[in-house]
Amino acid sequence: MSDDYLSKPLSFGGPSPALPSQQIQPLSPYLNYDTRYLQSQPEFIFPEGASKQRGRFELAFSQIGSSAMIGAGIGGMAGFYNGMRATALANQTGKLRRTQLLNHVMKQGAATANTLGTVAVMYSAFGVLLQFVRGEDDEINTIAAGGATGLLYKSTAGLRKCALGGGIGLALSGLYVLWGITGGSSKNLKELRSQYL
């Protein structure tokens, strides 16, 4: 079989325009067609004039997933540590010890993943809701979403623990915003402090 069909543009039985061989630039040896027939639209996702960064709703999915995975990892390590201690105290060996270790790892890993995933869902929902209500996405939304998440997460434990959870959420989100504003640098933090204090 000859390879001369690779140097010709793809034809579906109709008359094809005569093109010099210099103008034909196939994309690969397996896809033999003229690149001028391709649409010349932008290759990026964002339409013209749109924001070039993802909003809170798009970020929510990665935040929730990564929180659950981090929770599973941390809980699994803590479960392994607790399982090692518990099986050593019970003088368990062999298959029984291995089974107990797996039970500890899976139980504590799943519980911690569930907790962090739930907190991330609440935080993301509050952030998206605040962005929708206020019409802008800024640091105020982040701090308010953190405080509201702490309040809601501890709302069933009583008023005092609810206020404590809200304060912890507010403090953590405030530290995150402060770290984001300064870029993680102590020099920027000193400049920010001298500017506002």
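This is a guided tour of one protein chain, moving from the whole chain to single residues.

**Before selecting anything**

The model is a predicted one, in which local features need pLDDT of at least 70 and side-chain atom pairs count only at pLDDT 80 or more, while totals for chains, interfaces and linings use all residues. Residues are numbered from 1 along each chain as its sequence is written, and side-chain values use heavy atoms, with hydrogens and water left out.

**The whole chain**

Show the protein chain as a cartoon, and you will find 5 helices and 0 strands, where helices (H or I, at least four residues) and strands (E, at least two) are DSSP runs, numbered from the N terminus. Of its 197 residues, 19% count as buried; here buried means under 20% relative accessible area, exposed means over 50%, and partly exposed lies in between, with a 1.4 Å probe and protein chains only. The accessible surface comes to about 14700 Å², and 64% of that surface belongs to carbon and sulfur atoms; such areas come from the Shrake-Rupley method with a 1.4 Å probe, and for residues only the protein chains shown count as cover.

**Select 56–89: helix α1**

Helix α1 has 34 residues and reaches 48 Å from its first C-alpha to its last, which is close to the 50 Å expected at 1.5 Å a residue; that expected span is 1.5 Å times one less than the number of residues. Now colour its buried residues, which are R56, A60, G71, G75, G76, G79, G83 and T87. The buried residues of α1 pack against α2 (94–134) and α3 (139–153). Just after α1, stop at N91, which takes a positive phi of about 55°.

G117 has its place in helix α2, and it is buried, with a relative accessible area of 11%. Leaving aside neighbours within four places in sequence, G117 is in contact (heavy atoms within 4.5 Å) with I64 and A68. The C-alpha atoms of G117 and I64 are separated by 5.6 Å, although these residues are 53 residues apart along the chain.

In one of them the side chains of D137 and R56 meet, at 2.8 Å from N to O. This pair links distant parts of the chain, since D137 is in the loop between α2 and α3 and R56 is in helix α1, 81 residues apart. D137 counts as partly exposed at 40% relative accessibility, whereas R56 is buried, with a relative accessible area of 11%.

D138 forms a salt bridge with R134, and here the closest N and O atoms are 2.7 Å apart. D138 counts as buried at 18% relative accessibility, while R134, at 33%, counts as partly exposed.

The UniProt record, in an unreviewed entry, places the feature "transmembrane region" at residues 162–181; its positions are given in the numbering used here, feature names are shortened, and annotations may be inferred rather than shown by experiment. Over residues 162–181 the chain is 100% helix and 0% strand, with the end C-alpha atoms 28 Å apart.

Finish at L172, which lies in helix α4 (residues 159–182) and counts as exposed at 55% relative accessibility. Together L164, I168, L172, L175 and L178 make a nonpolar surface patch of about 490 Å². Patches are made of residues with over 30% relative accessible area and no salt bridge, with like charges joined within 9 Å and nonpolar side chains (Val, Leu, Ile, Met, Phe, Trp, Tyr) within 5 Å.

Notes. Salt bridge = Lys/Arg side-chain N within 4 Å of Asp/Glu carboxyl O.
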